[in-house]
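Subject: Structure handover

Hello,

Here is the structure I promised to pass on. Please open it first, then read my notes below.

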Amino acid sequence: MKPTICYYKLLNVSAKADVKEIKSQYYNLAKKHHPDVVAGRTTDVKEIQASDKLFKEVTEAYAILSDEKLRKKYDRLIYGDSADNREF
């Protein structure tokens with residue numbers, strides 16, 4: 001089953017990005033959308049919920065793309081047999 005979210009797009013990195021770049025983007029997005037940070041700057045419940053959902057998605061993306069075995073499996077799901085020639 002193909003994933004519904006492209007983790008590379010979510011983290012705004014190339015499919016050929018190294019772990020250092022993935023980690024950097026993850027930290028930037030996680031800090032921006034962390035539930036405690038968002039709750040401190042707004043009382044809008046919908047904004048807090050949307051940001052919480054995005055925080056969870058970004059964390060999941062980082063967990064997959066930062067682990068070599070999981071990333072290879074994910075790439076095969078997304079790109080099929082052409083996973084080694086992935087472009088983004």
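Which residues of H4 are buried? They are Ser 51, Phe 55, Glu 57, Val 58, Ala 61, Tyr 62, Ile 64 and Leu 65. Buried means under 20% relative accessible area, exposed means over 50%, and partly exposed lies in between (1.4 Å probe, protein chains only).

A word on the source. This is a predicted model, where local features need pLDDT of at least 70, side-chain atom pairs count only at pLDDT 80 or more, and totals for chains, interfaces and linings use all residues. Residues are numbered from 1 along each chain as its sequence is written, and side-chain values use heavy atoms, with hydrogens and water left out.

The overall picture

The protein chain has 5 helices and 0 strands. Along the sequence, the pattern reads α-α-α-α-α. Helices (H or I, at least four residues) and strands (E, at least two) are DSSP runs, numbered from the N terminus. The protein chain has 88 residues, and 32% of them are buried. Contact means heavy atoms within 4.5 Å. Take the contacts in the protein chain with a separation of 6 or more: residues 24 or more positions apart account for 58% of them.

Helix H4

H4 has 21 residues. From its first C-alpha to its last, H4 reaches 30 Å, close to the 30 Å expected at 1.5 Å a residue. The expected span is 1.5 Å times one less than the number of residues. The buried residues of H4 pack against H1 (7–11), H2, H3 (35–41) and H5 (68–79).

H4 with H2

Two packed helices are described by the angle between their axes and the distance between the axes. Axes are lines fitted to C-alpha atoms, for helices over the stretch in contact, and angles run from 0 to 180 degrees between N-to-C directions. H2 (residues 19–33) and H4 (residues 45–65) pack at about 165°, with their axes 9 Å apart. That makes H2 roughly antiparallel to H4. Angles under 35 degrees count as roughly parallel, over 145 as roughly antiparallel, 65 to 115 as roughly perpendicular and the rest as oblique.

From H2, the contact includes Ile 22, Tyr 26 and His 33. From H4, it includes Ser 51, Phe 55 and Leu 65. The residues of this contact divide into 9 nonpolar, 3 polar and 1 charged. Ala, Val, Leu, Ile, Met, Phe, Trp, Tyr, Cys and Pro count as nonpolar, Asp, Glu, Lys and Arg as charged, and the others, Gly among them, as polar.

H4 with H5

The axes of H4 and H5 come within 6 Å and cross at roughly 105°. That makes H4 roughly perpendicular to H5. Here Ala 63, Ile 64 and Leu 65 of H4 meet Leu 70, Arg 71 and Tyr 74 of H5. By class, this contact has 5 nonpolar, no polar and 1 charged residues.

- Leu 65 is in H4. Leu 65 counts as buried, at 1% relative accessibility. Not counting residues up to four places away in sequence, Leu 65 touches Tyr 7, Tyr 8, Leu 11, Ile 22, Arg 71 and Tyr 74.
- Glu 60 also lies in H4. At 44% relative accessibility, Glu 60 counts as partly exposed.
- Asn 12 sits in the loop between H1 and H2. Asn 12 is exposed, with a relative accessible area of 57%. Most residues other than glycine have a negative phi. Asn 12 is not a glycine, yet has a positive phi of about 60°.

Best wishes
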